[in-house]
Amino acid sequence: DALDLVGVNDFQHGKRVAMIARETAVLMGLPAVRLDNLVFACLLHDLGVSSTAEHRRLVSGAAGHDTQAHCERAFELLQPFAHLSLLANAIRYHHTPWADLPADLGEADAIDSNLIQLADRVDALLLRHGLDNPLFHAASICREISALAGHVLRPEIVAAFLAGATREEVLETAAMGIYMGAGPSTIYAAETLRALDESSAT
């Protein structure tokens, strides 16, 4: 929870990014052995953010703001620790467009960094629309994410995200959210399931 105080005004951002990225990875068919490191990388992806003001600029997409600076800071912070350095490259490039990733970056790190970028952008859109009933904004969020396929986001990652989830998968994700986020996440999970049932009935 201490890590989620990054950005202060955006509590549980890291956990939401982790859930979105993990579920997209599962839909892509990535092996289970990859998922833990992906989740840890998501939880730590904004480790280099130094202030609430910087986090607000990142979320708003402020023109001229150096989005790479906090990625490089996080990379440097993780390097001295052998077990955490395994996550460093995915975090370092989580704001780098898919088409611009270094040629010598390993495939696993490239995919993980792009999954983090997808989830980070989805969460920023959720915050912009409001977290009250995220499914009510699903169509507009999907349109914005679709527009990024190719250059910014790997098409297979976008396709997996857009494939959506069955009610059972939504239930599983909601249960994980309750486990990771406690009280407020219980309310969000209940509202999400209510919205899903209402949209399915129409």
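Helices (H or I, at least four residues) and strands (E, at least two) are DSSP runs, numbered from the N terminus. With that in hand, take Thr-96: its place is in the loop between helix H6 (88-92) and H7. What you are looking at is a predicted model, where local features need pLDDT of at least 70, side-chain atom pairs count only at pLDDT 80 or more, and totals for chains, interfaces and linings use all residues. Residues are numbered from 1 along each chain as its sequence is written, and side-chain values use heavy atoms, with hydrogens and water left out.

Let's stay with Thr-96 for a moment. Its relative accessibility is 12%, so Thr-96 counts as buried (buried means under 20% relative accessible area, exposed over 50%, partly exposed in between, with a 1.4 Å probe and protein chains only). Leaving out residues up to four places away in sequence, Thr-96 touches Gln-68, Leu-101, Asn-114 and Gln-117, where contact means heavy atoms within 4.5 Å. Thr-96 and Cys-71 are 25 residues apart along the chain, and 9.7 Å separates their C-alpha atoms.

Now step back to the whole chain. The protein chain has 11 helices and zero strands, and its pattern along the sequence reads α-α-α-α-α-α-α-α-α-α-α. There are 202 residues in the protein chain, and 42% of them count as buried. Take the contacts between residues at least 6 apart in sequence: 61% of these join residues at least 24 apart. The protein chain exposes about 10000 Å², with carbon and sulfur atoms supplying 60% of that; accessible areas come from the Shrake-Rupley method with a 1.4 Å probe, and for residues, only the protein chains shown count as cover.

Helix H1 (residues 13-28) packs with helix H9 (residues 155-162) at an angle of about 100 degrees, their axes 8 Å apart. Here axes are lines fitted to C-alpha atoms, for helices over the stretch in contact, and angles run from 0 to 180 degrees between N-to-C directions. H1 and H9 are therefore roughly perpendicular to each other (angles under 35 degrees count as roughly parallel, over 145 as roughly antiparallel, 65 to 115 as roughly perpendicular and the rest as oblique). On the H1 side the contact uses Ile-20, Thr-24, Leu-27 and Met-28, and on the H9 side Glu-156, Ile-157, Ala-160 and Phe-161. Sorted by class, this contact of H1 with H9 has six nonpolar, one polar and one charged residues; Ala, Val, Leu, Ile, Met, Phe, Trp, Tyr, Cys and Pro count as nonpolar, Asp, Glu, Lys and Arg as charged, and the others, Gly among them, as polar.

H1 also meets H7. The axes of H1 and H7 come within 8 Å and cross at roughly 125 degrees, so these two helices are oblique to each other. H1 passes H7 in a right-handed crossing (a crossing is left-handed if the near helix is turned anticlockwise from the far one by less than a right angle, and right-handed if clockwise). Residues making the contact include Val-17, Ala-21 and Thr-24 of H1 and Leu-115, Ile-116 and Leu-118 of H7. By class, the contact of H1 with H7 has 13 nonpolar, two polar and three charged residues.

So which residues does Thr-24 contact, leaving aside its neighbours within four places in sequence? They are Leu-115, Leu-118, Ile-157, Ala-160 and Phe-161. Thr-24 lies in helix H1, and because its relative accessibility is 2%, it counts as buried.

Cys-42 has its place in helix H2 (residues 32-44). With 0% relative accessibility, Cys-42 counts as buried. Not counting residues up to four places away in sequence, Cys-42 touches Gly-14, Val-17, Ala-18, Ala-21 and Ile-116. Cys-42 and Ile-116 are 74 residues apart along the chain, yet their C-alpha atoms are separated by 6.1 Å.

Finally, follow H7 to another partner. The axes of helix H7 (residues 107-129) and helix H8 (residues 138-146) come within 10 Å, crossing at roughly 140 degrees, and these helices are therefore oblique to each other. H7 passes H8 in a right-handed crossing. Among the residues making the contact are Leu-125, Arg-128 and His-129 of H7 and Ile-141 and Glu-144 of H8. Glu-144 lies in helix H8 and is partly exposed, with a relative accessible area of 36%. Setting aside residues up to four places away in sequence, Glu-144 touches Leu-125, Arg-128 and His-129.
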